[in-house]
Amino acid sequence: MGVNFSMFEIGRRALRAGQVGVEVASQNIANVNTPGYTRQTVQLSAAVPSDGLLNTGFHFGTGVNVDGIKGHRDQFIATRLRTETAVNGRLTAERDALAPVEAAFQEGDKGGIGAALQGFFGAFRDLEANPTATAIRAAVVEKGNTLASAFHATRSRLTEIRQQADQEVRAAVNTVNDLAGKVAQLNTQIRLADANDGNSSGLVDQRTVAIQQIAEITGARSTTNADGTVTLTLGDGQALVYSDQAAKLTAEDTPPDGLATVKIDGQATVIREGKVRGLQNAVAGIGGQIQTLDDLAASLAGRVNAAHAAGSDLNGNAGSAFFATPVSGPVTAENFEVAAALKANPRRVVAGATGAGGGDGSVARNIAELLSDTASVVGTTTGSYTNIFASLVSSAGAAVQAADDELVTQSAILAQTQAQRDSVSGVSLDEEAINLLQYQKAYEAAARFLRVADEMTQTILQLGQ
Amino acid sequence: MLFRITDAASSARLTNQISTARQRVALSQEQLASGKRINRPSDDPVGTDTVIRLRTAQSQLERFTNNAAAGKETLLLGDGVLNQYQEVLDQAYALLTRAASDPTVVEAREPIAIELDGITARLQQLANAKNGDSFVFGGTRIAAPPFAVNGVLNPTASTEVALQVEPEGTLVATGVTAESFVTDATGSILDALKAASTAIRGTGNATADRATITGTLDRLPGFSSLSNIARTKLGERFNHLEEVTERLSQANLAVEQTVQRIENIDIAEAAVNLTTTNTALDAILQSSSKFGRRSLLDFLG
């Protein structure tokens, strides 16, 4: 009977397995709060048994092999998570961009367009009852100025909000370019690591996080290639990242408002989901509201001017336009102004019809009636100015409410998907504590076994002395 | 199969629960503090739409109410002036009756003529009465009074001032023109009285003078009747405006109630909501501080 040193090899392998197990558990514990981290487990297998050791005819095992370290990922859940994140990104951006819009329309006790409309047309109603009063004419002009200010302030606020959203699109494009470059770089590193049988789990996690961020911004979809790299494509199928190549997104100024149009390598592209889509939706929505506001201002100025010009002023002169007509282009909420001649001389405000006498308030009445006249045409909408303005405000509120409601639902879906992802890939400290105990005990047992093997070897060696 | 519950998932769920609870508390607090259920259009877009329309309608109702009040004031003023006009007309009738039956000499009639001239001037003054910048009976004509200084009736046509005092309502005249009660088919009261005054003083044709005096005397009941008709019109219009004012007041009240129902909160309900949401938040915070984030590691020693 000779000395068998194979026990030491078995012990060494067992110690190594225990050590790696503790290291992996430690790594998991260390990254319990790292976003996108994928938990890892040690892959162990029994070593191949040896043939007829010790001439017994029996096959003895040769210990444990550490086959590798596995990251726990579910591709299906990861894809779903990216999709839901993109939808969430769109809705969040939309809600955040539109929330200030309703504030711009919000009617306080005074200062809003609604109150200014009431004040302006109400002043003409007062003038109807007092058609000879110069003071009321001055009040009419003042209310016209207030209405103009309300139009200016609201339009300016809407334009500012749209500008902010547009700036966010440009910033998002820069972020996507940085992230796309990172993904392309990680593609290369992962391909090399996989080719050299290295552990690429950490790199894959980094890439997953970057892809997730790109998806949140652009809704880009990813496809995993055979060599371990991923290809990212935008809504219209154009590749943002392919292997180690990243395309360049640009946000180019587009007439007439200079708003950003997103292009990929100089070509037009369509982004259908994500933060950029949400911002683009918001920009378009706010643009529509600005247009409606402009149409409202133009229609109101047109009808008031027509009615006003049909009568005679307090001096018996033919009436003129109440609101100024711009030198070029239509009246908008931006250039809406009371005519300078009326500002300078309120006696030029018309109350009565031509030839009907200074005590006639029929023109003032006709103008006062315009507020609730359902025949007013604003853009493509026909209705009273009150109703059209109320619809404008309520639609701004409805857009925020819809985005908010959808976001609540989407957040729940995203949280559920994230929980599913965590269920597969997340770290549980309980589990890792058990793993620590398990590998620690295995390590202790292996060490004990080595001591036994050492004692046995010593015993045999002493027999020969 | 049950999910593996990871620490990150537990944290995310807890964060979400606390955030949701805080949002609910904030909403309840905002509603209670403002007393309003709708604090921004997105709180209730349909309600916001309705409130804007109703507020506009309410503003119009208030303007109509103001116009009706102004109209009533003008009508009352007109009625008061016409009352005086009627009294002066009665004096003219009494004076002319005396002149027609008094056979005294021409010199003795002079005081009657002088008194009649005074009455004529007062009637002219009443017909030209002013209300601020405009003439009470001037109608839409404001540049000159109904009668010129020389007593000639203003030839410029005038119509009654009319106001709209109700949404979609017909116009209500807030006065009468002088022409409606100072002229009959023959001419103006002033011309008639001036002719009578001349006749009283005597033109040398006693028969013609008598005819003029009696003719004027005969026309006076007609003028009196015209004045009464004008007063009746003013009274009717005043009553109409009273009814309109009442309707406007009721409509305004109904609109205000509707707006409040849509816009305002039930304070008791909001207070209960605040308590409930606060309790829920406390419960989440307490449970998370007691049991949150414990793991096996806490028990290993």
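**Chatting about chain A**

Reader: Hi! Is A:Asp265 buried or exposed?

Author: A:Asp265 is exposed, because it has 12 other C-beta atoms within 10 Å. With C-beta atoms placed from the backbone, 20 or more others within 10 Å make a residue buried, 12 or fewer exposed, and anything in between partly exposed. This is a predicted model, where local features need pLDDT of at least 70, side-chain atom pairs count only at pLDDT 80 or more, and totals for chains, interfaces and linings use all residues. Residues are numbered from 1 along each chain as its sequence is written, while chains are lettered from A and ligands numbered from 1 in the order in which they are written.

Reader: Thanks! Where does A:Asp265 lie?

Author: In the loop between strand 8 and strand 9 (267-268) of chain A. Helices (H or I, at least four residues) and strands (E, at least two) are DSSP runs, numbered from the N terminus. A:Asp265 also has a positive phi, near 50 degrees, without being a glycine.

Reader: And what about phi of A:Ser243?

Author: A:Ser243 is not a glycine either, and its phi is positive, about 50 degrees. A:Ser243 counts as partly exposed, because 15 C-beta neighbours are inside 10 Å.

Reader: New topic! Which peptide bond is cis?

Author: The one from A:Pro255 to A:Pro256, with omega near 5 degrees. A:Pro256 sits in the loop between strand 7 (249-254) and strand 8 (259-264) of chain A.

Reader: Last one: how many residues of chain A are in contact with chain B?

Author: 51 residues of chain A are in contact with 42 of chain B, where contact puts C-beta atoms, placed from the backbone, within 7 Å. Helix 9 of chain A gives the largest share of that side of chain A, 19 residues.

Conventions:
Contact = placed C-beta atoms within 7 Å.
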